[in-house]
Amino acid sequence: MSRSVKLYDLAPSPHNIKVRLALAYKKIPYEKIAVDGMNREPVVKVSGQPLTPVLVHGDSVVYDSYAITRYLDANWPSPPRLYSADRATMQKIEEWESFARNEATPPVGICFGEAFARAADPARLKKANDMINRAASRVEESLARTPYLMGESPNAADFALAPMFFYGTLPDSAAKLSPIHSFFHKNLHVEGSPRTREWVGRLMALES
């Protein structure tokens with residue numbers, strides 16, 4: 001496709017990480033436009049709403065990471081694919097996406113809220129850790145059968161979930177990247193789950 005691709009990107013956000021990984025996996029070149037979390041005016045101007053990521057492809061403007069990954073597959077249909085033409089496979093991907101929304105995203109959202117609170121609430125942090133570890137147990141079970149959630153290669157299910165678990169599996173070196181990384185390294189921990197940790201590392205390596 002000849003039309004330019006721009007991504008309005010708030011780097012620490014897992015939803016933004018998800019889209020960057022999908023773009024890297026499909027080898028789609030793009031221009032990254034860094035967004036200041038305290039100034040959403042450029043995002044509102046281009047998309048009419050304040051949340052990132054926002055993908056601009058020619059005259060098309062797409063926001064919400066789930067909508068963006070579908071847009072990428074529809075407009076760059078060559079392999080590797082994020083979704084599937086097979087109905088049963090697509091239903092399974094959507095089940096994992098629902099799991100990401102309802103089980104893996106909330107604990108990370110809690111921790112982001114606590115990171116910016118005047119004083120972090122230990123009870124809320126404990127709740128977040130309990131939630132992320134319950135979610136990790138299901139992922140760990142799935143990865144016992146295949147290297148990715150649904151087989152030998154990643155798809156949209158992996159990209160929806162891995163950025164969430166990334167913040168619970170940060171190595172010591174990542175704590176130095178930013179105050180946000182330091183906060184998560186200290187306060188959100190996926191316990192054990194070696195397959196999940198290795199899976200997160202392989203997926204995050206796509207961006208580098």
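**The sheet and its helices**

Author: Let's start with a right-handed β-α-β unit, made by strand β1, helix α1 and strand β2. Right-handed here means that, with the strands pointing away from the viewer, the path from the first strand over the helix to the second runs clockwise. Before going on, a word on the source: this is a predicted model, where local features need pLDDT of at least 70 and side-chain atom pairs count only at pLDDT 80 or more, while totals for chains, interfaces and linings use all residues. Residues are numbered from 1 along each chain as its sequence is written, and side-chain values use heavy atoms, with hydrogens and water left out.

Helices (H or I, at least four residues) and strands (E, at least two) are DSSP runs, numbered from the N terminus. Two strands count as paired if DSSP finds at least two bridges between them.

Now the strands. β1 (residues 5-9) and β2 (residues 31-34) run parallel, joined by four bridges, and Asp9 has Ala34 in β2 as its bridge partner. β1 is also joined to β3 by four bridges, but that pair runs antiparallel. There, Lys6 sits opposite Val56, and Tyr8 sits opposite Val54. Next along, β3 and β4 (residues 60-63) are antiparallel, with four bridges between them, and His57 faces Ser60 across that pair. Their hairpin has two residues between the strands, and Gly58 takes a positive phi near 60° in it.

Put together, that's an open sheet of four strands in the order β2-β1-β3-β4, with mixed pairing. β2 and β4 are at the edges with a single partner strand each, so one side of each has no neighbour in the sheet. From one strand to the next, the twist averages 20°.

What covers the strands? α1 (residues 14-25) lies across β1 and β2, at about 155° to β1. Helix α3 (residues 65-75) packs on the sheet too, touching β3 and β4, and its direction makes about 135° with that of β4. These angles run from 0 to 180 degrees between N-to-C directions, with axes as lines fitted to C-alpha atoms, for helices over the stretch in contact; contact means heavy atoms within 4.5 Å.

Finally, look at β3 (residues 54-57), which is covered on both faces: Val54 and Val56 on one side, Leu55 and His57 on the other, all buried. Buried is under 20% relative accessible area, exposed is over 50%, and partly exposed is in between (1.4 Å probe, protein chains only).
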